[in-house]
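Open the model in your viewer and keep the selection tool ready. We will go stop by stop.

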Amino acid sequence: MSVQEKLRSKPQWGSGFGQFACWVAAAVVSAVCLSIIGYLVFQGWHSLSWKFFTTDPSESMREGAGGGVRVPIVGTALLIVLAVLVMFPIAVGAATYLSEYMDESSWFTRVVRTGLEVLASVPSVVFGMFGLALFSMPIFTFLSSSGAEGASQAFGRSFLVAAIVMGVHVLPFVIKVSEESIRAVPVSYRRGAHALGITKWRSIRKVVLPAAAPGIVTAVILGMGLIAGDTAIVWLLLGGTTTMGASNWWAPSQFLQVLRGTGATLTTYIFFNSPAGDGNSPQLAYAAALVLVVLVLALNVIASIVGRRRKRQGS
Amino acid sequence: MSSSELAAAPGADRSLKRVDLASASGSRWSESVMPLLLASAAIFSGLVVTLVVFFVAYNAVPTFRAEGLSFITRGGWDTQINNAFTPSKTVFFGAEPLLIGTLLSTVGAVLVSLVLGTGCAIFLSELAPAAIRRPFESLVQLLAGIPSVVFGLVGLSIVVPFIQNYVVPANAANVVPEIPIEGASLLAAITVLSFMILPFFVTVAVDSLRAIPRSYVDGGLALGMTKWRTITRIQVPAAAPGLVAGLVLAAARATGEAIAVSMVAGAIAFSPNLNHGPLYMLLMPIRTIASSIVETGGDAMSIPSIASALFALATLLLLFSLILSLGARWAFAWFNKRMGVRQAGGVQT
């Protein structure tokens, strides 16, 4: 039997069945994805009201008495801003160094890249434990409150602590996407700058980074989505509560107390009010989940719009 | 971009002037300091993981020193945690059921997403008509963006009641008297985890299918193979290392998932067994390593023995993620070598 005959000898129905199975797999995944969204809209829609967004959560065990999401939304926004402040300079610096300065074959590069790969695979709950271990040390009391009366340890749970750990958590992802966009800047840009007599750092700052900016912004926005969606770090490092630790948190004079205090995010609100948590308001959990999914979705859409702008510019 | 646009690149002409006119000392200063700053950012990002390992493992030392290997071979986690709240008692912890729960749920989810995900990846890269491809791609990305707590919430509201009403046999309580069979189970955990990790597998799988040189496919077609035969006999085998790498990354996510699993898996440290057949094994509640940390961590962390036991669990998770990420790296290297690609290494998330 020749090779051709061997290859043809398989009956035709196998091909039809295999292709059908692939279509079914795609249909199942689409159906699951759409039904998750549909279910949240269906269950959460009628709980969305002005009142839902303007009242604070209450840790009540009574059904449906979980309150609104004002503080959790503020908490999510605050955490995103702080974590981006921590992560952005490190991520852009590391991405620039990795793509512009580093020699791919050196052992140093290999160590850094391996470290980043391992960091990317560390589960967020382990980051939470790491945060507790590190920031409970007495010298970090300034980042959180001093814990229980007479305790020798810091409390280790605050917006500052959560933001630092969250920043490290999304660091590998943001570095990876930023580095790709810096590498995508055409070599002709660098050569052009070089030919004009511009030094390396100036050409990076004035030519390469501006050209890569849309890609870096995309990376940061996607990272913001990851921060908004994470629960384990927040649950361990923000106190596992649904309220703001500092009283009168809206007052500017309380700002530092808020940063050093515990708090809530949309994810902890959902967890607390879900049937698995202590609260007993699943309807409110659906509504908050809808808000969270819309937020993450909006961030992804913005990121892809910015990313498309980069592609148009680059071509 | 053409060279005329290069001149118009923001800041390009201005920096030329600045370089000519600026005093040399200023620019020389930033020229030597900035690379150092960037290098320190890179060093920090590359080495911060050693800090994570150190602090987690250091705090786990008391547990491992007291128990050694029996920490992962002994059972009874739930009662031990309860006992540890009584200060006078000396408690030894046994995380064997958590380990079993983690392994079973991860393996199950990886198998399901291997089957479904390979189908989706072939569909996306080869079969889908152009009109469907883009919307389906966005749907997969949407699935990747759904936060884990939302997966847990939906799993708890749909999957768990469904299993309880339609899968659990009516006489379950008589058949398995030792443990409640109430829907929150290994099966629910596998279902939820499968769809959580699927998008990550599909993304990597599609990338590796698309990276196969066009000549491979052309060669198959020239030999008279049908399109489907080129897919199953040439493209999928050639992309196999890429699929393996994607699967390993997906497994890493499943191992570390805490919140969603803790919501749907029943939160009872029980090792599912085959004593009552495979169906009942799937219907038994489990508790995983990662979910125990969020369930017990919190106020209980003020008790040193519990805190150390939880750090020991986190150390186990770190060990898994180290093995899995190095495994994925090895698989990617294998793939690139096979495809003849000399690619700059990168972090795969």
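Predicted model: local features only at pLDDT ≥ 70, side-chain atom pairs only at ≥ 80, totals over all residues.

**Stop 1**

Select helix 6 (residues 130-145) of chain B together with helix 9 of chain B: the two pack at an angle of about 130°, and their axes are 8 Å apart. Helix 6 of chain B is therefore oblique to helix 9 of chain B. The crossing of helix 6 of chain B past helix 9 of chain B is left-handed.

Now show the side chains where they meet. On helix 6 of chain B, pick Val140(B), Gln141(B), Leu143(B) and Ala144(B). Facing them from helix 9 of chain B are Phe195(B), Leu198(B), Pro199(B), Phe200(B) and Val202(B). Sorted by class, this contact has eight nonpolar residues, one polar and no charged.

**Stop 1: the nonpolar core**

Stay with helix 9 for a moment. Which residues have the most contacts inside the largest nonpolar core? They are Met129(A) and Val264(B), in a core of 214 residues. Helix 9 (residues 186-210) of chain B supplies the largest share of this core, with 18 residues.

Select Val264(B) next. Leaving out residues up to four places away in sequence, Val264(B) touches Gly152(B), Gly155(B), Leu156(B), Val159(B), Val160(B), Ala184(B), Ala188(B), Ala189(B) and Val192(B).

**Stop 2: a loop residue**

Move to Met284(B), in the loop between helix 13 (278-283) and helix 14 (289-296) of chain B. Is Met284(B) buried or exposed? Met284(B) is buried, because 26 other C-beta atoms lie within 10 Å; the cut-off for buried is 20 or more.

Highlight its neighbours. Beyond residues up to four places away in sequence, Met284(B) touches Ile179(B), Ile181(B), Ser185(B), Leu186(B), Phe270(B) and Pro272(B).

**Stop 3: where the chains touch**

Colour the two chains separately.

**Stop 4: chain A as a whole**

Hide chain B and look at chain A. Chain A has 13 helices and zero strands. Of its 315 residues, 54% are buried. Among contacts in chain A with a separation of 6 or more, 70% join residues 24 or more positions apart.

Notes. Residues numbered from 1 in each chain as written. Chains lettered and ligands numbered in written order. Core = buried A, V, L, I, M, F, W, Y, C linked by C-beta atoms within 7 Å. Buried ≥ 20, exposed ≤ 12 C-beta atoms within 10 Å, placed from the backbone. Helix = DSSP H or I, 4+ residues; strand = E, 2+ residues; numbered from the N terminus. Contact = placed C-beta atoms within 7 Å. Axes fitted to C-alpha atoms, helices over the stretch in contact; angles between N-to-C directions. Parallel < 35°, antiparallel > 145°, perpendicular 65-115°, else oblique. Left-handed = near helix turned anticlockwise from the far one by under 90°. Nonpolar A, V, L, I, M, F, W, Y, C, P; charged D, E, K, R; others polar.
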